[in-house]
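Visitor: Please take a close look at one part of this model, the second chain, and say how it is built and what it touches.

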Amino acid sequence: MSSTPGRKLNLYALTWRLPIIFWQFIFFVGPVLFMVAMSFFLVKNYRMTEAFEFVNWSKMLSRGYFWDSYWYTVLIASISTICAMCIAFPAAFALAFRASETTRRWAIFLLIIPFFTSYLVRTFSWFVILSESGVINGMLGYIGLGPYTMLNTNFGTLVGYMTLTLPLVVILQTVTMANIDKNLIEAARNLGCSAFRTIWQVIIPLSKTGLIIAAIFCFILSFGDFVAPFYLGGSQEPTLPILILDTTKSGQQWPRAAVVAIMMMLTLFAIAFTGIALAYRKGKGAK
Amino acid sequence: MNQSRSLNVILGIYVAMVFAFVFAPIIFSMIFSFNSQRFPTIPLGEFTTEWYAKILADPDVWEAALNSLIVSCSTAVIATFLGFCTAYSDFRYNFRFKGPYLALILLPPTIPLIIMALAMLAWFSKIGMSGQLYSIIIAHSVLTAPFAMAVIRLRLNQMDPDLESAGWNLGGSEWQTMRHVIIPFCKPAIFSALFLTAAVSFDEFAVSWFVSGLNKTLPVIILEIVQGNIDPQVNAIGTFVFLISMTLVVLAQVFFASRQMKSIKP
């Protein structure tokens, strides 16, 4: 083996290692750090000047509307996460334990397609379906119900969030639960566990890590999405992404938008770290 | 036993309902695109190709389609190259700061697109690269490289590391082994990564909208039409976008799955 190149750091090794370092430093780390710096810049006569002032921070963080928007976004993203996790669970359970290997593969294959397929057009489609004279109210009309107002409500926003997150959450939950050792579930049933108790005390603890990761992704996606709250929720209560959009596109106030963006990132970091710590913590009952 | 069967039926219906929810907007968008009503409802109006005729006659749509094509093809090539380099480095080498190194490529998808859009817009303006078609390509390759990396890394996982040393022992240089052993082995995953990154780039609208300036891509055109009012043209453009991105994602998955078949062979 001494004649083989092994793991030496030579030209060959650097050829594969360096491209991503250069690329991401210039086009990923650069933008993010610049955004942090930008939050201290000043805007005079619609022009941004480089400075180191805390005025954007103090202005944004002292405004009531920022905090209203902040807590509303945290709340609705949390509700979205809970909804997605609960709606997905029975489906993932069925796909993981009741379906054949082939069915499960097909289901995941099909769910991957919408996850990568134009979310914007799907949201617009919901806009048409949910509208006052849309398909759903049309159908309800036949049985003498409605019309119901679904657009420009929190319900509309949540439908959008589910469109965005549900495929991913079902996939992650299914894969996690399909990897559980079936013998453990057999054992629980043989020892007289009810179906409900098996789910609660065997399946959920065993798939904890995967479930928490699914929830984190769901929260990140909902928290950062501006399309659903804007088009389906009517942005009556603007979420933080809409605040960024408005401040950047109409107000020319990039530094203040940067403050909002950094607050969002800090929140997501906090939630992701807490979640991951929980996911990998050893259960107290483990002996 | 009977109870278990009825539970299976209920769960089956439930899964079907979840799938119906996920696919309803795609299917309705396609139906609406051939529907004569401006505000589609039940019962549907007459069959029409009016909206398609409209978008096909619109030079802005054609220009956007061309832009989208250029952006997604270029992004796919750059992102797959970056993804391959990183996946191979991770597979072959252990080195200090490998954690941060991998975080560098894997982090972007965990940051909301609206934040990336703002950061990219500000940075590109600062370094004088904003408002160009290549601005979108660069931004998209940062966003999609992790997907390429993941797909290729999973393929490399299936490779026996001895295969590479066998290449060296037979007298091949590292470069020759790369060319004759590793790249052929990764070929299905490379195609899969190309299609997947092209699909993600083709559909991305937030970052494109912020950094594109006047060079609009199809999703940006859709975003701008949607801001106005309900316009069935969106369904026609949308159907077209759906068909392309669905094809790309299906191709990506077919290539990704083909590797599993091959790895079964001895």
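Guide: Read along the sequence, chain B runs α-α-α-α-α-α-α-α-α-α-α. That comes to eleven helices and zero strands, where helices (H or I, at least four residues) and strands (E, at least two) are DSSP runs numbered from the N terminus. The model is predicted: local features need pLDDT of at least 70 and side-chain atom pairs count only at pLDDT 80 or more, while totals for chains, interfaces and linings use all residues. Residues are numbered from 1 along each chain as its sequence is written, and chains are lettered from A and ligands numbered from 1 in the order in which they are written.

The C-alpha trace of chain B spans about 70 × 70 × 30 Å along its principal axes. Of the 266 residues in chain B, 47% are buried; a residue is buried if 20 or more other C-beta atoms lie within 10 Å of its own, exposed if 12 or fewer, and partly exposed in between, with C-beta atoms placed from the backbone. Two residues are in contact if their C-beta atoms, placed from the backbone, lie within 7 Å. Among contacts in chain B between residues at least 6 apart in sequence, 78% join residues at least 24 apart.

The axes of helix H3 (residues 59-92) of chain B and helix H8 (residues 174-203) of chain B come within 8 Å and cross at roughly 135°. Axes are lines fitted to C-alpha atoms, for helices over the stretch in contact, and angles run from 0 to 180 degrees between N-to-C directions. The angle makes H3(B) oblique to H8(B), since angles under 35 degrees count as roughly parallel, over 145 as roughly antiparallel, 65 to 115 as roughly perpendicular and the rest as oblique. The crossing of H3(B) and H8(B) is right-handed; a crossing is left-handed if the near helix is turned anticlockwise from the far one by less than a right angle, and right-handed if clockwise. Residues making the contact include B:Ala76, B:Ala79 and B:Gly83 of H3(B) and B:Leu194, B:Ala198 and B:Phe202 of H8(B). By class, this contact has ten nonpolar, seven polar and no charged residues. Ala, Val, Leu, Ile, Met, Phe, Trp, Tyr, Cys and Pro count as nonpolar, Asp, Glu, Lys and Arg as charged, and the others, Gly among them, as polar.

The largest nonpolar core has 157 residues, and B:Ala199 is one of those with the most contacts inside it. Such a core is a set of buried Ala, Val, Leu, Ile, Met, Phe, Trp, Tyr and Cys residues joined through C-beta atoms within 7 Å. H8(B) gives the most to this core, with 13 residues. Leaving aside neighbours within four places in sequence, B:Ala199 is in contact with A:Phe116, B:Ser245, B:Leu248, B:Val249 and B:Ala252.

B:Pro219 lies in helix H10 (residues 218-228) of chain B and is buried, with 26 other C-beta atoms within 10 Å. Beyond four places in sequence, the contacts of B:Pro219 include A:Ser118, A:Leu120 and B:Phe205.

Between the chains, 66 residues of chain A are in contact with 65 residues of chain B. On the chain A side, helix H1 (residues 11-38) of chain A gives the largest share, 17 residues. That side divides into 50 nonpolar, twelve polar and four charged residues.
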